[in-house]
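Biologist: Please take me through this model, and state for each term the rule by which it was assigned.

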Amino acid sequence: MVIEYINQHQGEFWIAIGFTILILEVILFGMATGVLLFVGLGALATGLMMLIGILPETWLVGFSSIGISSAVITTLLWRPFKRLQGDRAPSQDRSSDLIGLEFVLTQDINTSTPGKTRYSGVDWRVEVSAEAVNVESVSAGQRVVVVSVDVGVFRVKPV
């Protein structure tokens with residue numbers, strides 16, 4: 001009975017599938033994938049074309065139309081979405097409460113081998129900062145100051 005109803009109302013079926021896919025894209029992936037966005041829009045377009053009478057309500061036409069309309073929608077919307085993202089990488093935020101933090105190294109570090117330190121319950125990778133001119137390495141037990149911070153990384157120079 002349900003399958004018979006769906007066979008007779010494929011336009012509504014594809015619209016429901018399209019909205020379901022779009023909701024999943026927003027809730028589960030936070031609009032990060034894009035693939036589900038375009039497939040969902042393709043399903044909505046297919047359902048609308050079936051309801052208007054442009055397309056016959058058959059399974060083969062439905063699946064084919066979703067593929068084709070998803071490709072067309074992707075082609076049309078790719079550049080505008082790409083422009084929304086912007087071409088530039090976000091500038092590094094140099095403001096942090098952790099800049100200026102001083103501590104004693106527990107292991108040797110150099111420009112090619114970072115170390116580790118534990119601060120505030122988090123293990124941080126410790127690297128020699130590029131700002132530390134003529135400093136190739138820093139020995140364990142030496143006092144250092146944090147000059148820049150990235151996610152999980154302290155860049156330090158000797159005090």
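Modeller: The discussion below sets computed values against their definitions.

Modeller: This is a predicted model, in which local features need pLDDT of at least 70, side-chain atom pairs count only at pLDDT 80 or more, and totals for chains, interfaces and linings use all residues. Residues are numbered from 1 along each chain as its sequence is written, and side-chain values use heavy atoms, with hydrogens and water left out.

Biologist: What makes the pair F13 and W14 edge-to-face?

Modeller: Rings of Phe, Tyr and Trp (its six-membered ring) pair if their centres lie within 6.5 Å, and planes under 30 degrees apart count as stacked, over 60 as edge-to-face and the rest as tilted. By this rule the count comes to nine aromatic pairs. The ring centres of F13 and W14 are 5.0 Å apart and their planes stand at 70°, so the pair is edge-to-face.

Biologist: Why is the pair F13 and W59 given a class, and which class is it?

Modeller: The centres of the F13 and W59 rings are 5.4 Å apart with the planes at 75°, so this pair is edge-to-face. Because F13 lies in helix 2 and W59 in helix 4, the pair ties together parts that are 46 residues apart in sequence. Helices (H or I, at least four residues) and strands (E, at least two) are DSSP runs, numbered from the N terminus.

Biologist: Which residues do the ring pairs link into a cluster, and is F63 buried or exposed?

Modeller: The cluster consists of F13, W14, W59 and F63. Buried means under 20% relative accessible area, exposed over 50%, and partly exposed in between (1.4 Å probe, protein chains only). F63, found in helix 4, has 55% relative accessibility and therefore counts as exposed. W14 has a relative accessible area of 4% and so is buried. F13 at 22% is partly exposed, and W59 at 32% is partly exposed as well.

Biologist: How do you know how the span of helix 3 stands against the expected one?

Modeller: The expected span of a helix is 1.5 Å times one less than its number of residues. Helix 3 has 18 residues and reaches 26 Å from its first C-alpha to its last, close to the 26 Å expected. Its buried residues are L37, F38, G40, G42, A43, L44, T46, G47 and M50, and what covers them includes helix 2 (10-29) and helix 4. Helix 3 is followed by G53, whose phi is positive, near 105°.

Biologist: What is the volume of the largest pocket, and what makes a space a pocket?

Modeller: On a 1 Å grid over the protein atoms alone, a cavity is a set of points where a 1.4 Å probe fits but cannot get out, whereas a pocket is an open set with protein on both sides within 12 Å along at least five of seven lines; lining residues have an atom within 4 Å of a point. Grid points are joined across faces, edges and corners, and a volume is the space filled by probe spheres set on the points. The largest pocket has a volume of about 280 Å³. Its lining includes M31, W78 and K82. Helix 3 (35-52) and helix 4 (59-85) each supply at least two lining residues, and the largest share, five residues, comes from helix 4.

Biologist: How many residues of each class are in that lining?

Modeller: Ala, Val, Leu, Ile, Met, Phe, Trp, Tyr, Cys and Pro count as nonpolar, Asp, Glu, Lys and Arg as charged, and the others, Gly among them, as polar. The lining has seven nonpolar, three polar and one charged residues.

Technical notes
Contact means heavy atoms within 4.5 Å.
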